[in-house]
Amino acid sequence: MFTVGVISFAEDAAAPNLVERVGQMFSTEGIFSKAKNFEYRPQQQQMAVAVARALADKTHLIVEAGTGVGKSFAYLVPAILHAVAQNKKAVICTHTINLQEQLAEKDLPLLKQIVGVDFTFAMLKGRSNYLCTRRLQKAMQQADALFTSPEVAELRRIYEWSQNTHDGSLSDFDEEPDPRVWEQVCSERGLCTPKKCGHASEFAKTGSTCFFQRARQRILGADVLVLNHTLFFTLLNGVDTDQEGGVLFKNDFVIFDEAHTVEQVAARHIGVSVSSGQLRYSLQRLWNPRTEKGLLSVLRKGTSVKAVADVLEHGDAFFSKVEEACEGLIRTTATDAGTAGDADEAKGGRGDAGRPWKELRIRRPDLVEDTLTLSLHRLREEVAGLIQATEDKDTGEELMECNRRLTELRLAVQTFLKQEAEDHVYWVERGGRSQRNLTLNAAPVDVADHLRVRLFESGTSVILTSATLAMKSGTSVTAPPVAASGGRSTEGRRAGPGPLDYIAKRVGGESAHQLQVGSPFDYEKQVRLFVAGKMPDPRDSGYETALIAQIERFVKATHGKAFVLFTNTRLMQSVAGRMESFFANLGIECFVQGTGTPRSTLLEKFKENVDSVLFGTDSFWQGVDVPGEALSNVIITRLPFAVPDHPLVQARLERIEARGGNSFFEFSLPEAVLKFRQGVGRLIRTATDQGIVVVLDNRVLTKRYGQTFLDAIPKCPMEVV
């Protein structure tokens, strides 16, 4: 009998060699034991064996692996062995660029030297990241008609860069190019294809093969493919839904790391989104009235220029009407309108009274009259005529791509106005520097059904992992009530609700086996938890002063070295302003998110200045890795309950209440707990890290749900202050 942790597998014909081999590799006598700095971790071995079992059985797995488990190797090793042995492609998806680069530039090259099998890997970026040499040559020929003189200079810079670049992607630039110029020379579907850009005749014409087509060949031939969640779901939208035995490719399997973000990323890419900025950008590719440049300048077609001008005019008028209609809904009250629906619309997406709205839910079709899609259709017909008439094949293909975009824009506007899709929520979003860019959005209230079909019923294994997926800290093994087709049961079959059930239901993965392995770190020795026993209500006038006093107390205790995590940007900025003299007197620097400095720069400055403090909101609660002394103190100012003002969140809460459920306990609380776990998880990143976690929200002590938050983090000494 081969035993790992609490899972046992019989050594018989039913137990695949992959499972045994992976278990042995991660054992105290395995191949990794001979590697420098290897430390045997039973949690890592247990996870690796579970991943191997899922791949061998073509079943699914959701696994939470605490910080320090070494989950990257735990899924990469079985993925590599299985991909090579079965001639499959391992698709590895991450949420952050940092992890994507770590896998492709550090972990996979190292494993190539260790695992004992020959495999290839590639990191996939979106095609618009790559230069298309054929489009570059054409843009150089038409530069005077397409670009202004500064843009022509930028085009020359791109050309000079193309002669020396290694991979022909944006990441190879010291200073990224002007987006308008880059859009004319980057790879685009329909314009950059193997037939057009990968052929030997193209090499003879341009002197080099297209950078994207080179990358594509590496991707198609790779055993392991690394990409991010955003690109994955973008590509998934273009894959035939009838494809069997694979998700993105016909013979692949998928592993999602940082899987706690899968639902939110998927929701952004399923549905419709069309903005005033997108419309103007697509039209100006044909003709820019201000610069008098564009594809129509190449063709010198005055009548078509008029058609573009008409759509630009209709587009501006249409989105102005949308904004007026939204402002009207904001002003409408339940009393004025006489209906509860309008009252909900009036408050949906709005903050405090008088504040500009950012997202506004639209509950009825025909928010405004459709004065746009007819002019878009007429322009498409005009451009179609130009395509037929032009003798320049390349220019004709550029026009066809423009028409494809116009078609997508037209359909998106119609979809939003009609509101015909069932179980979708519709909203208008306002953004951009001047808050004048309006976006019309439609998305499914629940992505579980979509993901269940596209991922978990695809005929191949799908594995999700993260350090924070469960509602309770600990170690457990569970299996679905009914084993997935072709699967075998494991020990530890579920007798009741499992800690990973929440995430499984959110992503449609109820058929997946579940595994939770704890962290190997000694939190009882490495962490001390402080909880505020008494704090004023945030609505009280003395709340901010009390909050500042507590932050000062604990910042002094560690002399900086602290993340202070907020849930409210205005409060964070107010507190930061009032504490300027405190930090100055203490002689430490305080970095504040949202003050103009990019997030990545703030983080690097914080790491370099060991005694500094960083005030952050949403994006600093997760995906941030600061090992060592620089981060010795994480102060959580408020439990991270999301304000239910986003239309998608509103709709999810309403759906739960409509079926008689409790939206707080079924959605709001689990989401807050998972984010809380992410925030606390910023502190301990290595076995030698030490520090304190401070929770300045006494609801963890006074509310009946408070213990849920405390149970969700690793056990450590706690003191109420």
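**View 1. Helix H13 and its covered residues.** Val262, Glu263, Val265, Ala266, Ala267 and His269 are the buried residues of H13, where buried means under 20% relative accessible area, exposed over 50% and partly exposed in between (1.4 Å probe, protein chains only). That puts 6 of the 8 residues of H13 (residues 262-269) under cover. Helices here are DSSP runs of H or I with at least four residues, strands are E runs of at least two, and both are numbered from the N terminus.

A quick note before the other views: this is a predicted model, in which local features need pLDDT of at least 70 and side-chain atom pairs count only at pLDDT 80 or more, while totals for chains, interfaces and linings use all residues. Residues are numbered from 1 along each chain as its sequence is written, and side-chain values use heavy atoms, with hydrogens and water left out.

**View 2. The Glu188–Arg405 pair.** Glu188 and Arg405 make a salt bridge, with their closest N and O atoms 3.0 Å apart. The pair links distant parts of the chain: Glu188 is in the loop between helix H8 (179-183) and helix H9 (194-197), Arg405 is in helix H20 (residues 393-418), and 217 residues separate them. Both partners are buried. For a salt bridge, a side-chain nitrogen of Lys or Arg has to be within 4 Å of a carboxyl oxygen of Asp or Glu.

**View 3. The network around that pair.** Glu188 and Arg405 also belong to a network of salt bridges, whose members include Arg135, Glu183, Arg285 and Glu408. Across the protein, the count comes to 44 salt bridges.

**View 4. Glu510 meets Arg452.** In this salt bridge, the closest N and O atoms of Glu510 and Arg452 are 2.9 Å apart. Glu510 sits in the loop between helix H22 (501-506) and strand E14 (513-517) and Arg452 in helix H21 (residues 448-456), so the bridge ties together parts 58 residues apart in sequence. Glu510 is partly exposed, at 33% relative accessibility, and Arg452 is partly exposed too, at 22%.

**View 5. Lys561 and Asp611, loop to loop.** The closest N and O atoms of this salt bridge are 2.7 Å apart. Lys561 comes from the loop between helix H24 (543-558) and strand E16 (562-565), and Asp611 from the loop between helix H27 (599-608) and strand E18 (613-616), 50 residues apart. Lys561 is buried, with a relative accessible area of 9%, whereas Asp611 is partly exposed at 27% relative accessibility.
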